[in-house]
Amino acid sequence: MSEASQTIQQKVHALAEQLPADASWDDVIEEARFRRAVELGIAAADRGAFATDEDVRSAFAQWGAKV
């Protein structure tokens, strides 16, 4: 079954099975947030919602980084 067709319950179950036995609730939350961010990023990429090179350079310049 592909990740996209899994229900949230199936995804949570798979996440729980992949965590170490001594994982904390904070570990669970962090991993869930990371996975959601990845899902959103993939969906944005699939839509073609990319930042241009100039957008990235401009953002880094605002932070004082030279690219």
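Predicted model: local features only at pLDDT ≥ 70, side-chain atom pairs only at ≥ 80, totals over all residues.
Local features need pLDDT of at least 70 and side-chain atom pairs count only at pLDDT 80 or more, while totals for chains, interfaces and linings use all residues. Residues are numbered from 1 along each chain as its sequence is written, and side-chain values use heavy atoms, with hydrogens and water left out.

**Stop 1.** Select K11 and E39. Their side chains meet in a salt bridge (3.0 Å, N to O), which is defined as a side-chain nitrogen of Lys or Arg within 4 Å of a carboxyl oxygen of Asp or Glu. K11 lies in helix α1 and E39 in helix α2, 28 residues apart, so the pair links distant parts of the chain. Helices here are DSSP runs (H or I, at least four residues), numbered from the N terminus.

**Stop 2.** Salt bridges that share partners join K11, R36 and E39 into one network. R36 is partly exposed, at 46% relative accessibility; buried means under 20% relative accessible area, exposed over 50%, and partly exposed in between (1.4 Å probe, protein chains only).

**Stop 3.** Select E31 and R35, whose side chains meet in a salt bridge (2.8 Å, N to O). They are separated by about one helical turn, because they stand 4 residues apart in helix α2. The whole structure has 3 salt bridges.

**Stop 4.** Select W63, in the segment after α3 (53–62). W63 is exposed, with a relative accessible area of 66%.

Methods:
Helix = DSSP H or I, 4+ residues; strand = E, 2+ residues; numbered from the N terminus.
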